[in-house]
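Subject: Structure handover

Hello,

Here is the structure we talked about. Please look it over, then read the notes below it.

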Amino acid sequence: MGWLPGPICELLEAALVAELTAVRPDGRAITYPLIPLWDGERIYMTSSILFSRKLDHLKRNPRVAVSLSDPVAMGGRADRATIQGDARIIEPDVHASWKRLLPLWRAKEPSIDWFLGQRVALPLFFERSTIEITPLRALYWPDGLAGTAPQEFAG
Amino acid sequence: MRGGADPAGALRRLASYPHHALTWVDERGYPQSVVVRTTIDAAAGIVRIDRPAGVRVPPARELSLTGSHIRPMPGYGYDERRHLTVWGLPEADDDLGRLVVRPVAVWGWDEAETPFFEYAERSVGQSKRYLTRLSADLHRVVRPRLDLGWLILRATRLPFLSATLVPILLGIAVAAAAGSFDPPSALLTIVGGCAVQLGLNVANDVFDTQSGADDFNVNPTPYSGGSRVIQYGLVSFRAMALLAAALVAAGAAIGLVLLAARGSAALLLIGLVGLVVGIAYTAPPLRLAYHGLGELAVGFGFGPLMLLGAYVVQTGGAISASAVWASLPVAILVALILYVNEIPDRPADAAAGKRTLPVRFGRGPVLRGYRLAAGATFGIIVMGAGLGLLPLTALVAVVAYPAARGVASGLARAYDQPYALMPVMASQIQLHLVVGGLLVLAFVASAATTALVPGARLFLSW
């Protein structure tokens, strides 16, 4: 199992959206809101090939941060965290291989089954790559306030 | 919104987000994000940021500020998606020791401004380029896929078959009410008509791809903008062209069988006219759809031509005034399906030189045109019953009049909102189906009455 402390795991499990930040080739940090899926060891996200620039960035530079920042998206929890890690793109079959994450996805977005049933209407949206993030370092703000120094954890 | 666009305006938007994440790339090359307290001065174009405790923000390194928002919907997921990021270098701290950043670039998305479907459509090129690179990386061709059944449904636009089934079934019913009904030829007519329509649907995609009309369209809906299977890389242009030819050829072959069986000159004429109109709809040199004649061609083809074709197959050649009259409401309503569907397509159609009626005329005339044509449909039904050309039972179709009014008001309400027009487009298709279906039932009732009560007729006679 992973080394992330309990409260951060709980945030990952609760969060409907987290902000994934990648680094572009020109060095600029760029942030994408995505659904974080947590299996107890690694963070998974998926990206449609329609919005694939992030995948290109991650293939060139796997260093990422996942920010859990929005209390509304985390069931009202006020605590916050940022996790730095290395990302790996998994895409042996963009049509189907991401579906192994469906149970985790469904738990956060039950409507995904309905949307998947409408795949004929959105065929390219469901051609997806999986982003697997191995956490390396985490900062945690128990009160969510940046005026307080964060707790730091490393894997 | 792309990088570099209106940072001052972006700051006003950023200020509306309840929290802001400050992000930079740290000394080890990893991004780092901290939710910070900000004071946004949009007029001055700057953001003042309270320095976070216990975290070192590197000097002279580009910073970004991101706001993101969703509305959770328990049991469903979430909606109201929007996010915004601005970038800038930190300037000298202000007198309170706060970081001062003057953004120079902006990027984000708000689904209230750019609906998800449009956002996705605008990204199709990105997906194609990605698959090209992925194919090179994996040393095999990677293409998007759909299950065969879904692919056929999408490529042929199968659900639109009601446009063919209504006039053919009505033609058969009118003939039955007149005492002519031959089940095998009726079945062949249905199959042949469906093949022709599916072939024309596919051909329409082929020609609209060739002209660029489907490529220009970033607001396709399930009812407009074509099947897009070529644009999405699901089916090749060549395969679609072959499919169109095969379907039209199958329909034509069935037509020839019926012609041989019935030996009707009228059927030959109807078939030839149908072939010419079908090809001329989008194919050069006539390209009727590109000159504001597409609506007329569709009304003519999926009204009188289909109905009378089905009718003469049953009667062996005779054409009646009743059959001609019955085709008129169906013709108008099917033309209105196209007319309504063209409303969201008009920017793309105009860009491709496709001068449809909604492209040629403004909002007012287009809306008045709909009301006039829809009203005429019901007027023709009432008049037809009064003249003894339609059975009295056809008057039941008038119950659909409020639905036509609903379409008219929906058009007025959502004229410039492609995705809000989707239910209106669906309603127009249903209107055609309901009115056409009720007319079929009206003639079936007439045929049944005559069969059960010899001499009894449901037509007024003068």
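Axes here are lines fitted to C-alpha atoms, for helices over the stretch in contact, and angles run from 0 to 180 degrees between N-to-C directions. Helices (H or I, at least four residues) and strands (E, at least two) are DSSP runs, numbered from the N terminus.

This is a predicted model: local features need pLDDT of at least 70, side-chain atom pairs count only at pLDDT 80 or more, and totals for chains, interfaces and linings use all residues. Residues are numbered from 1 along each chain as its sequence is written, while chains are lettered from A and ligands numbered from 1 in the order in which they are written.

Start with a helix pair in chain B. The axes of α9 (residues 265-282) and α10 (residues 294-315) of chain B come within 10 Å and cross at roughly 155°. That makes α9(B) roughly antiparallel to α10(B) (angles over 145 degrees count as such). Residues are in contact if their C-beta atoms, placed from the backbone, lie within 7 Å. On α9(B), the contact includes B:I270 and B:V277; on α10(B), it includes B:F300 and B:L305.

Next, the domains. Chain B is divided into domain 1 (7-113), domain 2 (114-143) and domain 3 (156-452); the bounds come from an automatic or database domain assignment. The C-alpha centres of domains 1 and 2 of chain B lie 29 Å apart. Four residues of domain 1 touch four of domain 2 in chain B.

Last, the chains. Chain A gives 47 residues to the contact and chain B gives 50. On the side of chain A, β5(A) supplies the largest share, four residues.

Best wishes

Methods: Contact = placed C-beta atoms within 7 Å. Parallel < 35°, antiparallel > 145°, perpendicular 65-115°, else oblique.
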